Amino acid sequence: MTTWNLEGMKTHLFICNGSSCMKKEAEEITLAIRDEIEKLALDKEIHTTRTRCNGRCKDACVVIAYPQGNWYRVPTVEHGRTLVKDLNHDSLHSEHVFTLTEGTLQRTPQTTAIKGIDKVKEG
């Protein structure tokens, strides 16, 4: 197993490779994201980890940016490459599933993602 020195990293991308995402090109998206990071020489700034299900299967492929707290819907290889190029800019705002706002995850007004099922039933 490799133990990377992650000092100086600005972003950690958690890329869903669960079964629903894998059916929607998660492998190709993961490779494209990693290729774009290498191509732009961002290896010292962006680290990636494949995850299992991130719990937003209908938004496949889901990528979470930490510590920013943004959850992205990345449906194509090109979206994955754009995410790397423009990680901290507003042009991807419509692709957010959620953003971290005042300490909690919030849907953005521009998102086309479905709300989803409530985790806790009221009353």
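## Pockets

A pocket, found on a 1 Å grid over the protein atoms alone, is an open set of points where a 1.4 Å probe fits, with protein on both sides within 12 Å along at least five of seven lines; lining residues have an atom within 4 Å of a point. Grid points are joined across faces, edges and corners, and a volume is the space filled by probe spheres set on them. Welcome to this predicted model, in which local features need pLDDT of at least 70, side-chain atom pairs count only at pLDDT 80 or more, and totals for chains, interfaces and linings use all residues. Residues are numbered from 1 along each chain as its sequence is written, and side-chain values use heavy atoms, with hydrogens and water left out.

The largest pocket holds about 370 Å³ of space. Its lining has 15 residues, and G55, R56, K115, G116 and I117 lie nearest the centre. By class, six residues of this lining are nonpolar, three polar and six charged (Ala, Val, Leu, Ile, Met, Phe, Trp, Tyr, Cys and Pro count as nonpolar, Asp, Glu, Lys and Arg as charged, and the others, Gly among them, as polar).

The second largest pocket has about 250 Å³ of space. Among its lining residues are W4, M9, R34, D43 and H47. Two or more lining residues come from each of α2 (26-39) and β2 (46-51); such helices (H or I, at least four residues) and strands (E, at least two) are DSSP runs, numbered from the N terminus. This second lining divides into five nonpolar, three polar and three charged residues.

Searching the whole structure for disulfides (pairs of cysteine sulfur atoms within 2.5 Å) gives zero. For C21, the nearest cysteine sulfur belongs to C16 and is 3.4 Å away. For C61, the nearest one is that of C21, at 4.5 Å.

C21 is buried, at 2% relative accessibility, where buried means under 20% relative accessible area, exposed over 50%, and partly exposed in between (1.4 Å probe, protein chains only). C61 is buried too, with a relative accessible area of 0%.

## Two buried polar side chains

D59 sits in the loop between β2 and β3 (62-66) and is buried, at 3% relative accessibility. Its side chain makes a polar contact with the side chain of R56 at 2.7 Å; a polar contact is a pair of N or O atoms within 3.5 Å, and within protein one must be able to donate a hydrogen and the other to accept it, while residues adjacent in sequence count only if both atoms are side-chain atoms. Beyond its neighbours within four places in sequence, D59 is in contact (heavy atoms within 4.5 Å) with R73, V74, V97, A113 and I114.

N70 belongs to strand β4 (residues 70-73) and is buried at 13%. The side chains of N70 and Y72 make a polar contact at 3.4 Å. N70 also lies 5.8 Å from F98, C-alpha to C-alpha, although 28 residues separate them in sequence.

## Backbone details

The peptide bond from A60 to C61 is cis, with omega near -5°, and C61 lies in the loop between β2 and β3. Another cis peptide bond runs from Y66 to P67, with omega near 10°; P67 is in the loop between β3 and β4.

Two residues other than glycine have a positive phi: E25, near 70°, and A41, about 55°. E25 is in the loop between α1 (19-22) and α2 and is partly exposed at 39%. A41 is in the loop between α2 and β2 and is exposed, with a relative accessible area of 63%.
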